[in-house]
Amino acid sequence: NYGQFKTAQKNHAWLLFGAAFLVFALLMGILAYRAWKREFTWDELASGFTALTFSILMVIVVLRMKDWVRALAQSEEQSRKEQTLYRSIIENLPTPVVFKDREMIYRAANPCYGAFLGKTELEMLGKKDSDFFPRPQANAFLRSDEQVLQQQMEQVEEIRMEEEILD
């Protein structure tokens with residue numbers, strides 16, 4: 001459960017902070033005692049304090065990075081699962097579906113769209129409508145796609161074509 005995960009993460013952060021503070025306090029006590037005994041000067045104590053503070057902060061960052069990397073890996077895994085699910089849904093739709101980038105280049109298509117064009121997905125990737133359709137039809141698709149990009153919306157079109165147009 002996400003709420004339990006966040007609570008555990010906060011508790012872990014406080015525990016880490018507390019441990020770092022205790023180590024810091026102990027080491028600062030040792031340094032102050034040694035400075036009081038005149039084993040080194042107060043200026044050396046200040047530079048030691050700076051180095052110690054930086055070292056502790058680096059330890060905290062490294063320990064937190066482990067958590068960040070784990071969270072990123074979990075996020076990427078979730079993203080892969082969702083992408084696989086979406087891909088599975090699109091591939092099994094009985095309707096032709098094609099995805100194009102901003103340059104109107106085919107980036108993905110389902111098998112139904114491939115059957116419509118008589119091509120495999122690999123044969124369609126990296127191509128444009130002008131590679132498969134007559135110029136007037138490709139230009140109409142281009143205008144429609146540009147309108148979709150300008151309005152930032154999805155578009156569903158029903159296209160009816162005569163078979164001889166594709167030949």
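In this predicted model, the buried residues of helix α5 pack against strand β1, which spans residues 98-100. The buried positions of α5 are Ala138, Phe141, Ser144, Asp145 and Val148. These residues lie on the same side of α5, because they cover an arc of only 125° around the axis. The opposite face, turned away from the buried side, carries the exposed residues Arg135, Pro136, Arg143 and Gln150. Just after α5, Gln152 adopts a positive phi of about 50°.

A positive phi is also found at Met104, where the angle is near 65°. Most residues other than glycine have a negative phi. Met104 is placed in the loop between β1 and β2. With a relative accessibility of 10%, Met104 counts as buried, because the cut-off is 20%.

The largest nonpolar core consists of nine residues: Tyr106, Ala109, Tyr113, Leu117, Met124, Phe132, Phe133, Ala138 and Phe141. At least two residues of this core come from each of β2 (106-109), α3 (111-117) and α5 (135-151). Another core lies apart from it and has five residues, including Ala20, Met28, Leu31 and Ile56. In soluble globular proteins, nonpolar side chains tend to be buried together. Two members of the largest core, Ala138 and Phe141, are also among the buried residues of α5.

Four aromatic pairs are found in a search of the whole structure. In one of them, Tyr113 and Phe116, the ring centres are 6.0 Å apart and the planes meet at 45°, so the pair is tilted. Both residues belong to helix α3; they are three residues apart, and therefore separated by about one helical turn. Tyr113 has a relative accessibility of 8% and counts as buried, whereas Phe116, with a relative accessible area of 27%, is partly exposed. Ring pairs also join Tyr113 and Phe116 with Tyr106 and Phe132 in a cluster.

Conventions. Residues are numbered from 1 along each chain as its sequence is written. This is a predicted model: local features need pLDDT of at least 70, side-chain atom pairs count only at pLDDT 80 or more; totals for chains, interfaces and linings use all residues. Side-chain values use heavy atoms; hydrogens and water are left out. A nonpolar core is a set of buried Ala, Val, Leu, Ile, Met, Phe, Trp, Tyr and Cys residues joined through side-chain atoms within 4.5 Å. Buried means under 20% relative accessible area, exposed over 50%, partly exposed in between (1.4 Å probe, protein chains only). Helices (H or I, at least four residues) and strands (E, at least two) are DSSP runs, numbered from the N terminus. Rings of Phe, Tyr and Trp (its six-membered ring) pair if their centres lie within 6.5 Å; planes under 30 degrees apart count as stacked, over 60 as edge-to-face and the rest as tilted. The arc is that of the directions from the helix axis to the C-beta atoms. Contact means heavy atoms within 4.5 Å.
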